[in-house]
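Me: I am new to this structure. Please walk me through it in short steps.

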Amino acid sequence: MKKLMSLFCLSLICLFCGCNDDMKVRETVTYTVNKPVYMSANAFRSSVKVNALPEEITQQGKICFYEGYLYMSEPGKGIHIIDNRNPSSPALVGFIELMGNADLAIRNNLLYADSYVDLVWFDITNPALPVLKSRLENVFPQSFPPIEDGIIDSEVFSEAGKAKGIVIGWTQEEVTETYEYYKDEIYYNDMATNSGNSSGGSSTGVNGSMSRFGLYKDYLYVVLNNQMDIFDLSGEEPVVATETIPVGWNVETIFSYKEYMFMGTPTGMLIYSVKDPVKPEYQSAMVHVYGCDPVVVEDDIAYVTVHSGNNCGQNFNELIILDVSDVKSPQPIVAYTMTKPKGLGIDNGTLFLCDDGLKIYNASDSQTLMANRLAHYSGMEGYDVIPYGNVLMMMAEDGIYQYDYSDLKEIRLLSKLAVKK
């Protein structure tokens, strides 16, 4: 998974002593700087548009299912609206142009979505034609477009940079600098620092495991990098419920289970209690090898995937299963080697795993999971899944696949809605 922010430090370390001109060392360093592309705040915030005509999906993204409709966030572009009341024949019916969107959550006919630094919400009483309600501005100040490599220009963190508007993209520039120092010095140049399910009595959408949005009772929890923001949804408009809370390094996903939030990070799983919704309390962490992972939970059993081939920089591919009945002391049950697992979902003891396509398991006994594989569909690269009402919705690189699993002995493909590349 691409990070919104990356940490790059250039350090020049000298090991010898001395302090005269003969001991002076000159070092030249070349690196890539991502220079911000700005849009004025007014132009950015007036760019939202709801289209009654659908647009083709061109890139996979986060998914959320709500009352017969599937909402799919295409990174940076907006939200596709899919009529999924007949999963054998899904239909694109609308599109929300929303710059900088990456995630979404739905509660009581209101769709909440990020738009770079803002939280925006829509009335979806008419699912095919959402109505923009309003936005909370600058609640995600550290949210930027993704970068491929290099460092972020420090200007974006300054007041001068913020005054120029919203960062909507980058241009890259090669920078070469020369440093002089004595061999007895240690010189550091730190150039830049970058960085579903729900409970309660309301009507809520079901998110995939890759989501950074989680719902609990009347609250929306949003994780980004090393922080959590909480919004109170009980009134006519959402309000910031508390100050931003530091929760851990580079939190990537969040999953709501009972009165707890399970968070996936590159180094493990974090558990926070939200019994007091505005004062999350750390419970424990499960640390694994450095990797990227989502987590889902059912019947006090947590399923975590770790995959390679990404910015997490490791070669392990595993499914890790833990007993989390004691949230203060999660107990590992078993770990299985996988091909390259990503998103996953669990429904009434059936585990759905994006790995070498889609793998489906009877998870009633964690120790015999591999011997109880129910199906394996290959030929696509799965990204995330939502199992709901005996229909499995899978976001893959080349489209949205749907399967009927009402009969686990005869799981069948219902449809594929293609991604147009």
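Me: Which residue in β29 is the bridge partner of L344?

Reply: This is a predicted model, in which local features need pLDDT of at least 70, side-chain atom pairs count only at pLDDT 80 or more, and totals for chains, interfaces and linings use all residues. Residues are numbered from 1 along each chain as its sequence is written, and side-chain values use heavy atoms, with hydrogens and water left out. Strands are DSSP runs (E, at least two residues), numbered from the N terminus. In β29, L344 finds its bridge partner in L353.

Me: How many bridges join β28 to β29?

Reply: Two strands pair if DSSP finds at least two bridges between them. β28 covers residues 344–347 and β29 covers residues 350–354. They run antiparallel, and the number of bridges joining them is four.

Me: Which residue in the turn between β28 and β29 has a positive phi?

Reply: β28 and β29 form a hairpin, with two residues between them. Most residues other than glycine have a negative phi. In this turn, a positive phi of about 50° belongs to N348.

Me: Is D103 buried or exposed?

Reply: D103 sits in the loop between β7 (91–97) and β8 (104–107). Its contacts (heavy atoms within 4.5 Å), leaving out residues up to four places away in sequence, include K62, Y112, M210 and F213. Buried means under 20% relative accessible area, exposed over 50%, and partly exposed in between (1.4 Å probe, protein chains only). D103 has 0% relative accessibility, so D103 counts as buried.

Me: What is the relative accessibility of N51?

Reply: N51 lies in strand β3 (residues 49–51). Not counting residues up to four places away in sequence, N51 touches G94, F95 and E97. N51 counts as buried because its relative accessibility is 12%.

Me: How many disulfides are there by the distance rule?

Reply: A disulfide is a covalent bond between the sulfur atoms of two cysteines. The rule asks for a pair of cysteine sulfur atoms within 2.5 Å. C64 counts as buried at 0% relative accessibility, and C354 counts as buried at 1%. By the rule, the disulfide count is zero.

Me: What is the phi of E67 near?

Reply: E67 is found in the loop between β4 (62–66) and β5 (69–74). At 53% relative accessibility, E67 counts as exposed. Its phi is positive, in a residue other than glycine, and is near 45°.

Me: Where does N138 lie?

Reply: N138 has a positive phi near 60° and is a residue other than glycine. With a relative accessible area of 47%, N138 is partly exposed. Its place is the loop between β11 and β12 (151–152).

Me: How far apart in space are Y388 and G345, C-alpha to C-alpha?

Reply: Y388 is in strand β32 (residues 382–388). Y388 is partly exposed, with a relative accessible area of 45%. In sequence, Y388 and G345 are 43 residues apart. In space, C-alpha to C-alpha, the distance is 9.6 Å.
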